[in-house]
Amino acid sequence: MSGADSAAGAVETVEAIARREDLTSSDKLKELLVFGNTFFKTSSGLLSRVEDSRYTVMHCASHEVEVEPGTEFALEETYCSHTLKAAGPVAFHRAGTSEISGHPCYDMFQLETYVGAPVVIDGATWGTVNFTAIEARDPFAPEDLEVMAALSTAVGQTLASADHAA
């Protein structure tokens, strides 16, 4: 299967999770994070709310270190600061030898692999969704960024639906 076929299948899976009516919004978000970890071969998936310069973890799926919801970081101490500036998917496969090698997040957590995207609700940036690992990996392909974009869209739609249902 080519990378494009794999990515197309991954996008279909993401969309299917987002459409599931048998899951709560919280369960959908967890499933999306678990799927992202599997697809990107990462160990942690985080959904964060970003307000001003504060980054707050809302959901985490990890088979290394669970980050408790409500944990806060200064936005500039996270790789997601680059994601928000780019306004789209961003990926680093060897952060320690990339242009962000001196980043505070690298200094604190030694995360080599990062892929993330902004979460947008009703046209406004709400936060980010990202996947990380301490191990470096092969470079991300353009198709990987398409899957990341689909994940961020599904997360945004799930959050918007939950908010409108409340």
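Let's start with two neighbours: β1 and β2 pair in the antiparallel sense over 8 bridges. Two strands count as paired if DSSP finds at least two bridges between them, and the names come from DSSP runs numbered from the N terminus (helices are H or I, at least four residues; strands are E, at least two). Before going on, note that this is a predicted model, where local features need pLDDT of at least 70, side-chain atom pairs count only at pLDDT 80 or more, and totals for chains, interfaces and linings use all residues. Residues are numbered from 1 along each chain as its sequence is written, and side-chain values use heavy atoms, with hydrogens and water left out.

Back to that first pair. Gly45 has Ala61 in β2 as its bridge partner. β1 and β2 make a hairpin with 2 residues between them, and in the turn Asp52 has a positive phi of about 55°.

Now take in the whole sheet. It is open, with 6 strands in the order β3-β2-β1-β6-β5-β4 and antiparallel pairing. β3 (72-74) and β4 (90-92) stand at the edges with a single partner strand each, so one side of each has no neighbour in the sheet. The twist averages 25° from one strand to the next.

What lies across the strands? Helix α2 lies across β1 (44-51), β2 (54-62), β5 and β6 (124-133), running at about 75° to β2. Contact here means heavy atoms within 4.5 Å, and the angle, on a 0 to 180 degrees scale, is between N-to-C directions of axes fitted to C-alpha atoms, for helices over the stretch in contact.

The protein averages 85, and 82% of the residues score at least 70. Among the elements, α2 has the highest mean (96) and helix α4 (residues 104-109) the lowest (54). Where pLDDT is low, the predicted coordinates should not be read in detail.

Notes:
pLDDT is the predictor's confidence in each residue, from 0 to 100.
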